[in-house]
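Here is a short briefing to read with the model open beside you.

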Amino acid sequence: MLAFGALSGTGALARDSLGVFEAWGAFRDPAAPRCYAIAMPVTARSEGFAAVGSWPRQQVRGQVHFRLSRMRASDAAVILNVGDRRFTLVAGQVDAWAPDARTDAAIVATMRSATSMSVQTRDARGRGFADTYALRGAATAIDAAALGCARLH
């Protein structure tokens, strides 16, 4: 079961639940408006999360976002491994994204057929770490979030 309450400090807590699907939940925030599928790492020791969101007013759909479980080293690359594919992400101190919409689409497509994914980097002390996510339920949650925003403008 997901502990979505742990995400409240991140600003990721939603207004409307669209459902919980295995390790993933789908939510809608009509005030923004935005919809997203979200999960916590398998070993949830922090406020890290993975999300796939849509913002209808900005015509953004399927944007991938990761909140890292630790602050990363400023010179450390952030690599997402999904199934047998690797993606280099653009990152801030604790957040990471795909570099463009095409990569977002490739990540989401790969997530649909993989069983897990992990985000790897080095923390501010130079220690390597990875946040791992189970992908069971991800495709359904992503679809539920997309449908939840289909009529929001």
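Strand E6 is covered on both faces: Val78, Leu80 and Val82 are buried on one side, and Ile79 and Asn81 are buried on the other. That makes 5 of the 5 residues of E6 (residues 78–82) buried, so this strand is largely enclosed by the rest of the structure. Please keep in mind that this is a predicted model.

**Strand E6 and its neighbours**

- E6 pairs with strand E7 (residues 85–91) in the antiparallel sense, over 5 bridges.
- Within this pairing, Leu80 has Phe87 of E7 as its bridge partner.
- The hairpin of E6 and E7 has 2 residues between the strands, and Gly83 takes a positive phi there, near 55 degrees.
- E6 is also joined to strand E9 (residues 116–122), by 4 bridges, and these two strands run antiparallel.
- Here Asn81 is the residue to look for, with Ser118 of E9 as its bridge partner.

**The whole sheet**

- E6 belongs to an open sheet of 10 strands with antiparallel pairing, and the order is E1-E2-E3-E4-E5-E8-E7-E6-E9-E10.
- Which are the edge strands? They are E1 (16–21) and E10, each of which pairs on one side only.
- From one strand to the next, the twist averages 25 degrees.
- E7 is joined to strand E8 (residues 95–97) by 2 bridges, again with the strands running antiparallel.
- Across from Trp97 in E8 you will find Val90.

**Helices on the sheet**

- Helix H1 (residues 101–113) packs on the sheet and touches strand E2 (24–29), strand E4 (49–55), E5, E6, E7 and E9.
- The direction of H1 makes about 135 degrees with that of E7.
- Helix H2 lies across E1, E2, E3 and E4, and runs at about 10 degrees to E2.

**The disulfide**

- How many disulfides does the structure hold? There is 1, formed by Cys35 and Cys149, whose sulfur atoms are 2.1 Å apart.
- Cys35 lies in strand E3 (residues 34–39), while Cys149 lies in the segment after helix H2 (138–148), so the pair ties together parts that are 114 residues apart in sequence.
- The link of Cys35 and Cys149 is right-handed, with 95 degrees about the S-S bond.
- Are these two cysteines, Cys35 and Cys149, buried or exposed? Cys35 is buried, and Cys149 is buried too.

**Aromatic pairs**

- A pair of aromatic rings is described by two values, the distance of the centres and the angle of the planes.
- Searching the whole structure turns up 2 aromatic pairs.
- One of them joins Phe27 and Tyr36: the ring centres are 5.9 Å apart and the planes are at 35 degrees, so the pair is tilted.
- Phe27 is buried, and Tyr36 is buried as well.
- Phe66 and Tyr133 form an aromatic pair that is tilted, with 6.2 Å centre to centre and 55 degrees between the planes.
- This pair links distant parts of the chain, since Phe66 is in strand E5 (residues 60–67) and Tyr133 is in strand E10 (residues 128–134), 67 residues apart.
- Both Phe66 and Tyr133 are buried.

Note on methods. Residues are numbered from 1 along each chain as its sequence is written. This is a predicted model: local features need pLDDT of at least 70, side-chain atom pairs count only at pLDDT 80 or more; totals for chains, interfaces and linings use all residues. Side-chain values use heavy atoms; hydrogens and water are left out. A disulfide is a pair of cysteine sulfur atoms within 2.5 Å. Buried means under 20% relative accessible area, exposed over 50%, partly exposed in between (1.4 Å probe, protein chains only). Two strands pair if DSSP finds at least two bridges between them. Rings of Phe, Tyr and Trp (its six-membered ring) pair if their centres lie within 6.5 Å; planes under 30 degrees apart count as stacked, over 60 as edge-to-face and the rest as tilted. Axes are lines fitted to C-alpha atoms, for helices over the stretch in contact, and angles run from 0 to 180 degrees between N-to-C directions. Contact means heavy atoms within 4.5 Å.
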